[in-house]
Amino acid sequence: MGVSASNWDPSRPAPLEEDVVKCVACGLCLPHCPTFRLTGRETASPRGRIAAMRAVEEGHAVVDSSFTTMMDECLACRACEAACPSGVPFGRMIEGARAQAEPTRPVAARGIRRAGLTGVLPRPRLVMAAGWLLGIARALRLDRLAPAAHRASSPPVSLTELRRPIPRTLGEGPLARVLSGCVMDVAFRPTQRATMRVVAAAGYTASRTTPAGCCGALAMHYGQPEAARAMARARIAEMEDAEIVVANASGCSAHIRTYGELLADDPAWAARAEQVAARTRDLIELQPPPRDAGLGTVAVHDACHHLHAQGIGPRGLLAGAGAHCVDLGDGGRCCGAAGLYSVLQPEMAARLRRQKAEAVAATGAPVVAVANPGCAIQIAAGLRELGSSVRVAHPAELISPE
Amino acid sequence: MATTQAPAVRDRFAALLDPGRVIDHPLERRLYGRDGSIAQGDCGLVVLPETTAEVVACMRLAHDLGIPVVPRGSGTGLCGGAVPLDGALVLSVARMSRILEVDPSVPCARVEPGVLNLDLSTAVRHLGLHYAPDPSSQQACSIGGNVATNAGGPHCLASGVTAQHILGMEIVLADGEVLRLGGTAPDPPGYDLRGFVVGGEGTLGVVTEITVRLSRNPPHVTTMLLDFPTVAAAGAAVGGIIGAGVIPAAMEMMDQKMVVAVEAFVRADLPVEAAALLLVEVDGTAAEVASHTAVVERVGAETGAGRVRVARDEAERALFWKARKSAFGAVARIAPNYYLHDCVVPRTRLVEILARIYEIGAELDLVIMNVFHAGDGNLHPLIAFDRRDPEQVERVHAAGTLIIEACVAVGGVLSGEHGIGLEKRDFMPLTFSATDLEAQACAREAFDPEGRMNPAKVLPIGSRCGEIVLDAGSLPEGTWL
């Protein structure tokens with residue numbers, strides 16, 4: 001059989017041929033894939049998803065609803081990428097595949113998602129306004145009207161917290177631009193304050209970027225690269241003067257580190273993007289002076305975008321504050337939050353949420369450190385479902401309590 | 001083009017399972033047309049049963065409908081054994097992944113076929129036990145697939161291959177009949193058919209439950225890396241160690257190109273400038289380990305080893321093994337496809353056959369790397385290539401044939417552990433006479449008179465006795481025979 005022309009839509013981003021052919025189908029990724037573990041289906045495995053991409057690439061299949069389901073069932077946790085001896089860059093491949101899948105999705109769902117990713121997220125004021133609306137809805141207990149599956153993924157916005165300010169700058173020393181971020185700034189404001197304190201304690205002048213200004217990760221993960229590039233440019237412009245750039249959500253730090261790749265074809269921005277990417281640190285990589293915060297035993301959840309995408313973890317930071325860290329013993333399997341996954345694939349997400357919550361509860365620790373907003377919402381919901389009293393907290397809050 | 005089972009057929013299977021466990025979309029079926037080899041087959045329908053009863057129901061229906069069936073574990077096999085042809089039904093046991101019982105007193109475990117090899121060892125680690133056969137794909141491959149291929153692995157040098165670790169099996173035959181073979185008793189009554197079913201490559205039935213022997217974890221282990229200036233020197237060391245009366249738990253060799261590819265993935269500070277690397281593991285009591293380590297070091301020094309690097313701790317030992325066990329996958333860093341051979345030669349002929357393999361690579365202008373079980377002469381020459389280049393594929397094909405012929409010529413056999421499947425099927429006459437093949441075909445027919453189990457695999461077309469002629473199986477894309 002000869003090689004036919006590719007069936008990718010040329011007007012959209014697509015997985016690169018040179019990436020797709022790298023997979024030798026050895027299957028070593030299978031046990032690391034949470035959705036394969038749950039279903040036993042090749043169609044829900046990294047190897048299967050890549051084979052589907054290759055089938056489209058080689059003209060043996062088209063992008064249809066079956067292709068889209070396979071790509072959407074993926075958590076994009078990238079556990080497969082860390083396990084792959086061939087170095088297949090699965091993270092960027094799944095982004096391309098999802099961009100291709102976009103036209104097969106129902107028009108209404110596309111419209112809503114598109115409005116959120118390209119209409120709201122790039123506009124910090126709208127993000128903050130959405131936060132206030134969510135806060136009001138929660139205050140009125142309107143969240144009870146949402147289906148149970150969505151309730152579990154609703155961010156813990158509080159009007160009291162929204163009214164409390166976050167310092168714009170703090171500390172002395174070289175300049176550190178601290179990403180405000182979208183969800184973090186709206187729903188995790190105590191973490192934002194703690195982050196400023198930790199950055200200052202690490203010897204920097206901590207300075208926040210535009211409140212509720214998104215890094216663009218969600219838009220990129222969900223097939224809207226143009227919106228993602230626009231957000232990247234806005235963040236680069238306000239962060240490039242800094243010695244270091246700090247993000248306190250794993251998805252954000254992982255994404256900012258790819259800014260160079262994202263804007264490589266934009267001559268005006270490529271070098272600036274590379275520079276910001278190179279200066280980026282996740283908060284958990286900072287080294288504030290050790291001090292005993294009396295933490296006791298802390299269960300550690302590894303966010304996928306730390307463990308698999310960046311190969312980092314918060315244990316050093318926590319141990320420096322006197323914590324006795326315990327692992328969850330589940331090999332770092334994804335909790336099922338995965339960006340919008342818990343909203344889009346509620347059934348699979350619920351099973352992963354339960355597994356993760358059980359693993360956290362089994363450690364016996366009173367608190368679990370979680371350095372990503374999606375994971376924090378998901379794990380807190382899972383623990384509530386179990387009736388567990390384990391507290392979920394960002395490492396920054398743990399090492400620098402108010 | 002892909003063959004589809006009629007919607008009515010799909011609906012009948014869906015009535016036995018639930019619709020979510022029957023796959024018939026063309027793209028989704030296509031994913032079940034492959035295993036770890038490069039052949040793309042043609043899968044007509046996929047079923048994912050969860051119990052023996054469901055397997056029986058599916059097999060009876062397939063029997064009634066006259067549909068060929070290909071059992072599938074994790075699909076990590078390398079010889080096309082799980083590749084369906086002509087729209088066959090793929091029966092995946094991936095959802096039959098429960099460990100049913102562990103009996104530490106035997107010690108043994110009763111497991112479903114979809115249990116992953118490493119998951120079993122992990123589950124019994126707290127009892128001081130493990131499952132000994134450890135193929136390189138052990139994190140991903142299933143016990144059912146291990147039984148089908150009679151899988152080996154680095155530690156099979158001292159502990160024996162899969163067949164030596166299977167105590168009992170439950171197997172569902174092509175017509176749905178359930179057969180129980182063996183058990184925990186040392187010697188089952190009647191003919192011991194276990195040795196025939198292990199390595200049956202899915203041509204005899206679907207194994208639905210397996211009782212495996214578990215092994216005690218050795219009290220002490222030492223793992224060493226020895227680097228050599230030439231492949232011949234490493235080969236001499238292998239002979240020297242065994243000649244000195246030491247059978248290491250494992251003894252693996254990797255040549256320079258392979259080491260370079262693997263180092264890029266594991267970053268274990270491997271000696272990338274050495275011509276060959278030997279990974280030797282010895283285990284047992286402290287005294288045994290000490291004396292065997294001394295022998296390995298002495299032989300290494302005598303045969304020109306540069307340095308003997310002993311794993312400092314469990315983490316470093318795990319890193320050495322990760323390097324060895326991710327070798328095949330790491331090849332994609334050199335070329336997008338690989339063709340991995342699996343043949344066995346008498347250990348004394350290792351050096352000579354390796355030289356011949358490099359010669360074949362040079363003659364045909366191909367990158368051939370070697371990573372293999374040196375201790376038992378089980379070679380894995382690996383040819384890196386790009387299947388998008390048809391002319392290159394031709395040369396890879398030619399090299400494969402020359403390598404197999406060279407191995408058989410020095411008294412070797414076709415397969416050490418991967419199986420025959422599609423890949424080696426037509427090489428079978430190199431080692432078996434027509435009478436041998438016919439005898440094997442008759443034995444197979446006793447289990448599956450209609451020839452519906454994994455048809456066109458293992459035995460060359462025309463081996464069967466009587467009048468039944470298998471569909472030759474139009475060869476799938478990417479295969480050569």
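1. R353(A) is a buried residue, with a relative accessible area of 6%; here buried means under 20% relative accessible area, exposed over 50%, and partly exposed in between, with a 1.4 Å probe and protein chains only. Its side chain meets that of E385(A) in a salt bridge of 3.1 Å, N to O, a salt bridge being a side-chain nitrogen of Lys or Arg within 4 Å of a carboxyl oxygen of Asp or Glu. The pair links distant parts of the chain, 32 residues apart, with E385(A) in helix 22 (residues 373-386) and R353(A) in helix 21 (residues 346-362) of chain A. E385(A), by contrast, is partly exposed at 45% relative accessible area. Helices (H or I, at least four residues) and strands (E, at least two) are DSSP runs numbered from the N terminus.

2. On the basis of the note: this is a predicted model, in which local features need pLDDT of at least 70 and side-chain atom pairs count only at pLDDT 80 or more, while totals for chains, interfaces and linings use all residues. Residues are numbered from 1 along each chain as its sequence is written, chains are lettered from A and ligands numbered from 1 in the order in which they are written, and side-chain values use heavy atoms, with hydrogens and water left out.

3. Chain A contains 23 helices and nine strands. Its radius of gyration is 21 Å, close to the 21 Å that the globule rule gives for 402 residues, so chain A is as compact as a globular protein of that length; the radius is taken over C-alpha atoms, and the rule is 2.2 Å times the number of residues to the power 0.38. Along the principal axes, the C-alpha atoms of chain A fill a box of roughly 65 × 50 × 45 Å. Of the 402 residues in chain A, 56% are buried. Contacts (heavy atoms within 4.5 Å) between residues at least 6 apart in sequence join residues at least 24 apart in 76% of cases in chain A.

4. How much area do chain A and chain B bury between them? The figure is about 3,000 Å², 57% of it on carbon and sulfur atoms; buried area is the accessible area (1.4 Å probe) that two parts lose on being put together, summed over both. In chain A, V24(A), L28(A) and P85(A) lose the most area to chain B, together 18% of what that side buries. The contact draws on 39 residues from chain A and 37 residues from chain B.

5. Between chain A and chain B, twelve residue pairs are in polar contact, both residues at pLDDT 80 or more. A polar contact is a pair of N or O atoms within 3.5 Å; within protein, one must be able to donate a hydrogen and the other to accept it, and residues adjacent in sequence count only if both atoms are side-chain atoms. On the side of chain A that touches chain B, the elements giving two or more residues are helix 2 (34-39), helix 3 (46-57), helix 4 (65-73) and helix 5 (79-83). Helix 3 gives the most, with six residues.

6. The rule finds four salt bridges across the interface of chain A and chain B. One salt bridge brings together the side chains of R387(B) and E58(A), at 3.4 Å, N to O. R388(B) also forms a salt bridge, with E17(A), the closest N and O atoms being 2.6 Å apart. R388(B) lies in the loop between strand 20 (381-385) and helix 14 (390-409) of chain B and E17(A) in helix 1 (residues 17-20) of chain A, so the pair joins two chains. R388(B) is partly exposed at 34% relative accessible area, and E17(A) is partly exposed at 36%.

7. R105(A), in the loop between helix 6 (90-101) and helix 7 (107-120) of chain A, is buried at 8% relative accessible area. A polar contact of 2.4 Å joins its side chain to that of E102(A). Beyond its neighbours within four places in sequence, R105(A) is in contact with T68(A), D72(A), R98(A), R110(A) and R113(A).

8. Most residues other than glycine have a negative phi, and most peptide bonds are trans. A212(A), which is not a glycine, has a positive phi of about 65 degrees and is buried at 0% relative accessibility. The peptide bond from V106(B) to P107(B) is cis, with omega near -10 degrees.
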